[in-house]
Amino acid sequence: MDNEQIKKKLIIREISFWKKNHLLPEHYCDFLMQLYTEGVLEEQEEELSKQAVLKKDSAPIIKVVQMLMLALTTLAMIVLMFLFAQKYAIIPIALSCIIFIALVYYLLKTANNRTLTNTLVYATAALLLFAISIKVSTLLAPGHSLITLGVLLINCILWIIVGVQKKLIYFMISGILGIVLMLGYYFIFL
């Protein structure tokens, strides 16, 4: 097939696509189809219109499953962190970091919707950092609530910094609410 025929076939497919998806009025599409096919390709028009319609993509479903996997893995690792004894606490911490890095790398490489993926990655990273820092502070200083409050305060400040830097309102709100709740807890219970 020469270059002209390839171009003509592409144009015919586009016209069929326009007609099938109502992007142009039907009589315009019919006129253009008659013009480019020279009134010959009535049977092929049906075949081309079937090819021109966009196929449903299963990728969005796969992305939702992948993001759900990331969230559930994060939740499982956080639960494991608090279930393991003090002696074996490093195992879920290391596992959660490795799995998180691998899933984030995979999601960012294959992401179609960057904003949703970035939101999930930032939120998951914040939750993992939060859980790991709380677990480490309770391991290193058990029974010292001021150290735990200090670690929580550092997490909230980090959330505010990331929220301002990346313009993520949910991080700013979470950080501010966390600080307000910590101050309330400190003044009421300590």
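1. Which residues does Cys 156 touch, not counting residues up to four places away in sequence? In this predicted model, Cys 156 touches Gly 175, Gly 178, Ile 179 and Met 182 once those neighbours are set aside. Cys 156 itself lies in helix H7, and its relative accessibility of 5% is under the 20% limit, so Cys 156 counts as buried.

2. As for the overall fold, the protein chain has eight helices and zero strands, and reading along the sequence gives the pattern α-α-α-α-α-α-α-α. Of its 190 residues, 29% count as buried. Among the contacts with a separation of 6 or more, 59% are accounted for by residues 24 or more positions apart.

3. The largest nonpolar core is made up of 11 residues, namely Ala 126, Ile 134, Leu 149, Val 151, Leu 152, Cys 156, Trp 159, Leu 168, Phe 171, Ile 179 and Met 182. At least two residues of this core come from each of helix H6 (114-140), helix H7 (145-166) and helix H8 (169-189), and H7 gives the most, with five residues. Another core, of 10 residues, lies apart from this one, and includes Met 67, Ile 78, Leu 103 and Ala 131.

4. How do H7 and H8 pack, in terms of angle and distance between their axes? The angle is about 155 degrees and the axes are 7 Å apart; since angles over 145 degrees count as roughly antiparallel, H7 and H8 are therefore described in that way. The crossing of the two helices is left-handed.

5. The contact between these helices can be followed residue by residue. On the H7 side it includes Leu 146, Leu 149, Leu 153, Cys 156, Ile 160 and Gly 163, while on the H8 side the residues include Phe 171, Ser 174, Gly 175, Gly 178, Met 182 and Tyr 186. By type, the residues of the contact of H7 with H8 divide into 17 nonpolar, four polar and no charged.

6. Leaving aside neighbours within four places in sequence, Thr 148 is in contact with Ile 134, Ser 137 and Thr 138. Ile 134 is also listed in the largest nonpolar core.

7. A last point for checking against the model concerns Lys 167, which is found in the loop between H7 and H8. Most residues other than glycine have a negative phi, whereas Lys 167, although not a glycine, has a positive phi of about 60 degrees. With a relative accessible area of 73%, which is over the 50% limit, Lys 167 is classed as exposed.

How values were computed: Residues are numbered from 1 along each chain as its sequence is written. This is a predicted model: local features need pLDDT of at least 70, side-chain atom pairs count only at pLDDT 80 or more; totals for chains, interfaces and linings use all residues. Side-chain values use heavy atoms; hydrogens and water are left out. A nonpolar core is a set of buried Ala, Val, Leu, Ile, Met, Phe, Trp, Tyr and Cys residues joined through side-chain atoms within 4.5 Å. Buried means under 20% relative accessible area, exposed over 50%, partly exposed in between (1.4 Å probe, protein chains only). Helices (H or I, at least four residues) and strands (E, at least two) are DSSP runs, numbered from the N terminus. Axes are lines fitted to C-alpha atoms, for helices over the stretch in contact, and angles run from 0 to 180 degrees between N-to-C directions. Angles under 35 degrees count as roughly parallel, over 145 as roughly antiparallel, 65 to 115 as roughly perpendicular and the rest as oblique. A crossing is left-handed if the near helix is turned anticlockwise from the far one by less than a right angle, and right-handed if clockwise. Contact means heavy atoms within 4.5 Å. Ala, Val, Leu, Ile, Met, Phe, Trp, Tyr, Cys and Pro count as nonpolar, Asp, Glu, Lys and Arg as charged, and the others, Gly among them, as polar.
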